[in-house]
Amino acid sequence: MNLQELLEQNDFQFNKDFYKDCTVFTKLLQQWGKIHNLTGRLSLEDINQNILDSIYPLNFIDSYDSFADIGTGAGYPGLLLAIARKDMKAYLIEPRIKRVSFLNFVKASLKLDNLTIICDRVEKVKDLKVDLVTSRAVTNTSLLLDITKDIVNEDASYLFYKGSMLNEELEAASVNKNYKIVNRNDRNYLYIKGK
């Protein structure tokens, strides 16, 4: 099944440009990934599943003007969200230089004007305020909320891509705000609404 069929099965409708961009991303990830060990999963099927995993929350989150993705790595989810929503200002915060080089190469190849890539740890980022913070497989919820507190607007929301430990993390983080959990396969999407 190709990417377009996979996404349409999940109620997504994108234009041709989105699919062209995803094809370029996939080829670059496969080329760079073999050399630089960006991700262990480089088959077309795995990449397509990761693209779907990255953008799936666009089905249920509110719109936003800007977001920061913490620890973007090989591009999931932040780079794919930036490709899918070029009208939004995107910041990818990634401390590892090899991965930042890859992200910058994809940004240049796709001419993503909405995208800023920051090579640093999020705790050291200054002068940034966003409406939404995203993160996949970086650290626990409590620590994510703590290390991102200086980069968010007052009513910011959070979107964390989590696995099976989510309930324990929610208790530890004392998340009692307005939140919802959306499950898809083995993924738990934790969406904490700021407003």
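Predicted model: local features only at pLDDT ≥ 70, side-chain atom pairs only at ≥ 80, totals over all residues.
Figure 1. Seven helices and seven strands make up its list of elements. Starting at the N terminus, they follow the order α-α-α-β-α-β-α-β-β-α-β-α-β-β. The radius of gyration is 16 Å, close to the 16 Å that the globule rule gives for 195 residues, so the chain is as compact as a globular protein of that length. Along its principal axes, the C-alpha trace spans about 40 × 35 × 30 Å.

Figure 2. What share of the 195 residues is buried? Buried residues make up 52% of them. The accessible surface of the chain comes to about 9,900 Å², and carbon and sulfur atoms account for 45% of that surface. Among contacts with a separation of 6 or more, 67% are between residues 24 or more positions apart.

Figure 3. A pair of aromatic rings is described by the distance of the centres and the angle of the planes. The structure holds 15 aromatic pairs. One of them joins tyrosine 64 and phenylalanine 67 in an edge-to-face arrangement, with 5.8 Å from centre to centre and 85° between the planes. Tyrosine 64 and phenylalanine 67 are both buried. Tyrosine 158 and phenylalanine 160 make a tilted pair, with 5.8 Å from centre to centre and 55° between the planes. Both tyrosine 158 and phenylalanine 160 are buried as well. Look also for Phe25, Trp32, Tyr76, Phe102 and Phe105, which form one aromatic cluster.

Figure 4. You will find valine 106 in helix H5, which covers residues 97-110. Why does valine 106 count as buried? Its relative accessible area is 0%, and buried means under 20%. Not counting residues up to four places away in sequence, valine 106 touches Phe25, Leu28 and Leu79. Threonine 134 is 28 residues from valine 106 in sequence, and their C-alpha atoms are 19 Å apart in space.

**Figure 5. Serine 157 and its contacts.** Serine 157 sits in strand S5, which covers residues 152-162. Serine 157 has a relative accessible area of 11%, so this residue counts as buried. Which residues are in contact with serine 157, leaving aside neighbours within four places in sequence? They are Asp131, Leu132 and Val133, together with Tyr191, Ile192, Lys193 and Gly194.

Figure 6. Most residues other than glycine have a negative phi, and most peptide bonds are trans. Tyrosine 76 and proline 77, however, are joined by a cis peptide bond, with omega about -5°. Proline 77 belongs to the loop between strand S1 (66-70) and helix H4 (78-84).

Aspartate 127 is not a glycine, yet its phi is positive, at about 55°. Aspartate 127 lies in the loop between strand S3 (115-118) and strand S4 (130-136). Is aspartate 127 buried or exposed? With a relative accessible area of 84%, aspartate 127 is exposed.

Alanine 137 also has a positive phi, near 55°, and its place is in the loop between S4 and helix H6 (141-147). At 74% relative accessibility, alanine 137 counts as exposed.

How values were computed. Residues numbered from 1 in each chain as written. Heavy atoms only, no water. Helix = DSSP H or I, 4+ residues; strand = E, 2+ residues; numbered from the N terminus. Rg over C-alpha atoms; globule rule 2.2 N^0.38 Å. Buried < 20%, exposed > 50% of the residue type's maximum accessible area, 1.4 Å probe, protein only. Contact = heavy atoms within 4.5 Å. Areas by Shrake-Rupley, 256 points an atom, 1.4 Å probe, with all protein chains shown as cover. Phe/Tyr/Trp six-rings, centres within 6.5 Å; stacked < 30°, edge-to-face > 60°.
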